[in-house]
Amino acid sequence: MHVGLTLNHFSIRTLDMAATRDFYERVLQLTVGPRPPFPFPGLWMYRGDHGDYANAVVHIIGMDPNDPVGLRKYLGDRDVSSLRGSGAVDHVAFFATGLAQMREHLRSEGIEARERTVPALGLHQLFLDDPNGVVVELNYPAAEHATPAA
């Protein structure tokens, strides 16, 4: 049996929506777009056209300690102490282009990336940590790593 499957989005529960939004806007240059009126705070971060919800690749779920009922009823309860890092999910990954530009962008933002090359896959990877400790992997064509920046 063949099932058509692509990654739609990943969600992050956070007590600091502002810092999380800032990271994904500044670092990955995602933009805040439309989000359904869920019974809890949150933002949808888009890569591309806001008219297509499939472009909402990161869903930020705000946890309001003063009003947790809507989130608890919709997605279930989570212990706040479990929200650091990626939990059982090790990281989320994106394919990307523009390695030299991203390196410069990260330097200007004061963000250190861990770099690895996977020759067997023809990929050069950058690993970053968002404000919640979620690891974000950016996969570039290895040829971009081998080519000096102009």
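The legends below describe several close-up views of one predicted model.

This is a predicted model in which local features need pLDDT of at least 70 and side-chain atom pairs count only at pLDDT 80 or more, while totals for chains, interfaces and linings use all residues. Residues are numbered from 1 along each chain as its sequence is written, and side-chain values use heavy atoms, with hydrogens and water left out.

**View 1. The open sheet of four strands, in the order β5-β8-β7-β6.** The pairing in this sheet is mixed, where two strands pair if DSSP finds at least two bridges between them, and where strands (E, at least two residues) and helices (H or I, at least four residues) are DSSP runs numbered from the N terminus. The edge strands, each pairing on one side only, are β5 (92-95) and β6 (114-118). Neighbouring strands are turned against each other by 25° on average, direction ignored; axes are lines fitted to C-alpha atoms, for helices over the stretch in contact, and angles run from 0 to 180 degrees between N-to-C directions.

**View 2. The pairing of β5 with β8, and the helix α3.** Strand β8 (residues 135-141) pairs with β5 in the parallel sense over four bridges, and F95 stands opposite N139 in β8. Helix α3 (residues 99-109) lies across β6, β7 (123-129) and β8, and runs at about 20° to β7.

**View 3. Strand β3 and its pairing partners β2 and β4.** Strand β3 (residues 42-46) pairs with strand β2 (residues 31-33) in the antiparallel sense over three bridges, and five bridges join β3 to β4, these two also running antiparallel. W44 can be followed across both pairings, as G33 stands opposite W44 and H59 is the bridge partner of W44 in β4. Five of the five residues of β3 are buried, that is, under 20% relative accessible area, whereas exposed means over 50% and partly exposed in between (1.4 Å probe, protein chains only). Both faces of the strand are covered, with G42, W44 and Y46 on one side and L43 and M45 on the other.

View 4. I60 counts as buried because its relative accessibility is 1%. Not counting residues up to four places away in sequence, I60 touches I12, T14, M17, T20, R21, P41, G42, L43 and M45, where contact means heavy atoms within 4.5 Å. I60 and G33 lie 27 residues apart in sequence and, from C-alpha to C-alpha, 12 Å apart in space.
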